[in-house]
Amino acid sequence: MSKRNHVSETPATALLRSHGVAFTEHPYEYVEHGGAEYSAEVLGFDPFTVVKTLVMQDQDAKPLVVLMHGNRKVSTKNLARQIGAKSVEPCRPEVANRHSGYLVGGTSPFGTRRAMPVFVEETILELPRIAINGGRRGYLIGIDPQVCLQVLGAKPVRCAIED
């Protein structure tokens, strides 16, 4: 790794530490539009265990966060039906940045600027460990997926479609 092994504190890691959550740090060289599949490849992780943090919005432009496997897409139709919304769509990058306080590509569900409901693909919770963004581009953290329920109050959904 070209970066040092410890990355400076982010709002996400500060929140996890305040909750006593143990995590591992996995810095990597960030590549624009590389996505979860790229980070999985360079870190030697299964893309199914690398979780994307997606900022979306409902028909009233109310933001929400969706946690999805790195090699899956979100069925916005299925998601909307399960959360009782008319429709769900991804936020534009500048809107997502404003809601989360993070730059797209470095969005963590932990320590967001604005409190938003979090939905997690149910099968993520069955994994022993996941890698999820730690609040900066080129920085994943390894955690127990149950932390998403305990710290974020995430609600399980089934809305994954294969890439």
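**View 1. What lines the largest pocket, sorted by class.** The lining of the largest pocket has 16 nonpolar, 10 polar and four charged residues. Here Ala, Val, Leu, Ile, Met, Phe, Trp, Tyr, Cys and Pro count as nonpolar, Asp, Glu, Lys and Arg as charged, and the others, Gly among them, as polar. Keep in mind that this is a predicted model: local features need pLDDT of at least 70 and side-chain atom pairs pLDDT 80 or more, while totals for chains, interfaces and linings use all residues. Residue numbers start from 1 along each chain as its sequence is written, and side-chain values use heavy atoms, with hydrogens and water left out.

**View 2. The middle of the largest pocket.** Which residues lie nearest the centre of the largest pocket? They are Gly35, Thr53, Leu54, Val104 and Gly105, out of 30 lining residues. Two or more lining residues come from each of α2, β2 and α4 (93–100), and β2 gives the largest share, seven residues. The space in this pocket is about 700 Å³. A pocket is found on a 1 Å grid over the protein atoms alone, as an open set of points where a 1.4 Å probe fits, with protein on both sides within 12 Å along at least five of seven lines; lining residues have an atom within 4 Å of a point. Grid points are joined across faces, edges and corners, and the volume is the space filled by probe spheres set on the points. Helices (H or I, at least four residues) and strands (E, at least two) are DSSP runs, numbered from the N terminus.

**View 3. Helix α1 and its buried side.** In α1 (residues 11–18), Ala12, Thr13 and Leu16 are the buried residues; buried means under 20% relative accessible area, exposed over 50% and partly exposed in between, with a 1.4 Å probe and protein chains only. Looking down the α1 axis, these residues fall within an arc of 90 degrees, so they line one face of the helix. That arc is taken from the directions from the helix axis to the C-beta atoms. The buried residues of α1 pack against β7 (130–136), β8 (139–143) and α5 (146–152), where contact means heavy atoms within 4.5 Å.

View 4. Ala36, Ser39, Ala40 and Leu43 are the buried residues of α2. Down the axis of α2 they fall within an arc of 105 degrees, so they line one face of the helix. Their packing partners are β1, β2 and β8. Just after α2, Gly44 has a positive phi of about 75 degrees.

**View 5. Two loop residues with positive phi.** Most residues other than glycine have a negative phi. His33, in the loop between β1 (24–27) and α2 (35–43), has a phi near 65 degrees and is exposed, at 75% relative accessible area. Ala61 sits in the loop between β2 (50–58) and β3 (63–69); its phi is positive too, about 65 degrees, and Ala61 is partly exposed at 44%.

**View 6. Cysteines without a partner.** How many disulfides are there? The count is zero, taking a disulfide as a pair of cysteine sulfur atoms within 2.5 Å. For Cys91, the nearest cysteine sulfur is that of Cys159, 15 Å away. For Cys159, the nearest is that of Cys148, 14 Å away. Cys91 is buried at 9% relative accessible area, and Cys159 is buried at 1%.
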